[in-house]
Structure formats: structure tokens, C-alpha cells
Amino acid sequence: GVKLRLGVEEKASREVNKRFFTFQEKHRPYIILKWAQTQNRKMASSGEERLMITNAFSNRLVHKWRSEEAAIMVGTNTAIADDPALTTRLWSGRHPVRAVIDMDRRLPPNLKLFNRKYPTIVFNTLSEEAEENLLMYKVSREMSLVQQVARAFHQLNIQSVIVEGGSMTLQSFIDAGIWDEIRVITNNRLIVPDGIWAPELPAVVLHEEFDLMTDTISIYHPA
């Protein structure tokens with residue numbers, strides 16, 4: 001004889017637990033694509049020197065974002081060009097599992113990614129093996145890489161991933177339609193005449209937007 005009301009605050013509840021629901025219903029992690037761009041939508045300059053786009057406040061925010069996700073991933077070119085540590089050193093919190101796409105195993109072993117301090121996954125086409133804090137996960141060139149990576153994260157029980165790769169890696173997720181959130185940091189004062197274009201936004205809905213000094217942070221959801 002107890003009366004029940006179903007669906008109370010259902011939308012808010014799903015938002016709070018979006019990683020869990022995505023993992024259970026879509027059999028893949030909740031995927032966040034993140035990049036920084038100049039005012040004229042460039043992610044990097046055309047030269048070899050690394051282009052610093054975001055300010056110190058935005059950098060700390062990015063590390064906070066990292067602490068909130070289970071894994072973080074970059075592509076081969078980003079790993080070589082930036083040698084990122086992919087940790088939360090600018091924010092208190094746990095470090096995410098690190099992942100990198102290195103199809104031909106051409107990344108040098110002295111990169112910060114391979115320091116064995118934290119669990120690291122290398123998606124490649126050559127071998128599948130596990131050592132201390134390092135997992136070589138074999139993928140195929142004959143299948144969609146994005147789908148294989150998403151499935152691999154699900155098999156490894158990783159419920160969320162933030163992708164901080166270069167333009168090609170990010171665009172591949174967009175083109176495959178396998179993403180749940182896009183976070184773009186735009187430096188409103190920096191213009192680079194020649195450089196690498198940021199990915200093309202798909203059909204999106206602006207979920208949130210705010211400023212941090214010179215930077216604007218825009219968070220998009222699928223339309």
C-alpha cells in the first residue's frame with residue numbers, strides 16, 4: 001500500500017552518475033575530449049617550439065579535471081613533442097591511469113610516460129604484454145582504432161577517460177561519434193598566424209562557459 005513516485009530528479013541523478021550509466025549502458029567509458037586553442041583556433045605553432053596557450057589558472061583546472069577521471073590518453077605525436085607526465089602534480093588528488101596510442105612502438109623509452117611510477121597503457125599493433133605498471137595492449141589496423149580503444153577501457157574496468165591528444169587523435173573520436181563531453185580552453189589574446197588547427201566541433205550544445213583571466217573555458221555536450 002505504499003505509493004511510489006518514479007523518476008524524481010532523474011535528469012540530475014543521471015548527470016551525477018553519468019560515468020557509471022555510460023559505462024553500463026554503452027559498454028565504454030565516459031569520454032571527455034579536451035584541448036586548448038588560440039583565439040584563431042590554433043592548437044600549436046608550425047615550428048618545433050612548444051606553444052604555451054593556457055594560463056596558470058587554467059593549467060591548475062586541467063589538473064583538477066585529471067584527478068576526477070579514471071584515465072587520461074594522448075597520441076604518439078603529443079607524447080613525442082611534449083613528453084607529458086599526465087599526472088595531477090598541480091592539484092591534490094589521485095593520478096589517472098595513463099594511456100598512449102603508439103601503433104608501431106616508436107616512442108623512446110626515456111619518456112615520462114614510461115617511468116613506471118603509475119599504471120600506463122600502450123595501445124599498439126605489435127605486442128600484448130604486461131610488466132610493472134606497464135601494459136602493452138594490442139589492437140588491429142583492420143578495425144576502428146577508436147572503437148577498439150573504447151572497448152579496451154571497458155574490459156579494463158576504466159569508467160572514464162579524458163583525451164588530451166593532438167588534433168588528429170581528438171578528431172578521430174569526433175568523427176567516430178564516440179565522445180560524451182568536449183572541453184575547450186580558448187586564449188582570447190593569443191593569435192598564431194601559422195599552426196595546427198584545432199578539431200572541428202561537431203553538432204554540440206554549450207553546457208557551461210566561464211572565464212579564467214585570459215582564457216575562456218567552454219564545455220559542450222552532444223546536440
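Me: Before we start, what makes a charge count as sitting over a ring?

Reply: A charge sits over a ring if NZ of Lys or CZ of Arg is within 6 Å of the ring centre and within 35 degrees of the ring normal. Keep in mind that this is a predicted model.

Me: Okay, so which residue lies over the face of Trp197?

Reply: That's Lys42, at 4.5 Å from the ring centre of Trp197. The cut-off for the distance is 6 Å. There's also Arg183, whose charged end sits over the ring of Trp65, 4.8 Å from the ring's centre.

Me: Why is the pair of Phe20 and Phe21 called edge-to-face?

Reply: Two things describe a pair of aromatic rings: the distance of the centres and the angle of the planes. By the pairing rule, the count comes to three aromatic pairs. For Phe20 and Phe21, the centres are 5.7 Å apart and the planes are at 70 degrees. Centres have to lie within 6.5 Å, and planes over 60 degrees apart count as edge-to-face, so this pair is edge-to-face.

Me: And how do you know that Phe20 and Phe21 are partly exposed?

Reply: Partly exposed is what lies between under 20% (buried) and over 50% (exposed). Phe20 has a relative accessible area of 40%, and Phe21 has 25%, so both land in that in-between range.

Me: What makes Phe123 and Tyr137 an edge-to-face pair?

Reply: Their ring centres are 5.7 Å apart and their planes are at 65 degrees, so edge-to-face it is. Phe123 belongs to strand E5 (residues 120-124) and Tyr137 to strand E7 (residues 134-138), so the pair ties together parts that are 14 residues apart in sequence.

Me: Why is Val2 called exposed?

Reply: Val2 has 72% relative accessibility, and exposed means over 50%, so Val2 counts as exposed. You'll find Val2 in the segment before helix H1 (10-16). Together with Leu4 and Leu6, Val2 forms a nonpolar patch on the surface, with about 430 Å² of accessible area together.

Me: How do you know that the radius of gyration agrees with a compact globule?

Reply: With 223 residues, a compact globule would have a radius of gyration near 17 Å, and the chain has 18 Å, so the two agree. The C-alpha atoms fill a box of roughly 70 × 45 × 35 Å along the principal axes. The chain has six helices and 12 strands, and 47% of its 223 residues count as buried.

Notes
Residues numbered from 1 in each chain as written. Predicted model: local features only at pLDDT ≥ 70, side-chain atom pairs only at ≥ 80, totals over all residues. Heavy atoms only, no water. Patch = residues over 30% accessible without salt bridge, like charges linked within 9 Å, V, L, I, M, F, W, Y side chains within 5 Å. Areas by Shrake-Rupley, 256 points an atom, 1.4 Å probe, with all protein chains shown as cover. Salt bridge = Lys/Arg side-chain N within 4 Å of Asp/Glu carboxyl O. Helix = DSSP H or I, 4+ residues; strand = E, 2+ residues; numbered from the N terminus. Buried < 20%, exposed > 50% of the residue type's maximum accessible area, 1.4 Å probe, protein only. Phe/Tyr/Trp six-rings, centres within 6.5 Å; stacked < 30°, edge-to-face > 60°. Rg over C-alpha atoms; globule rule 2.2 N^0.38 Å.
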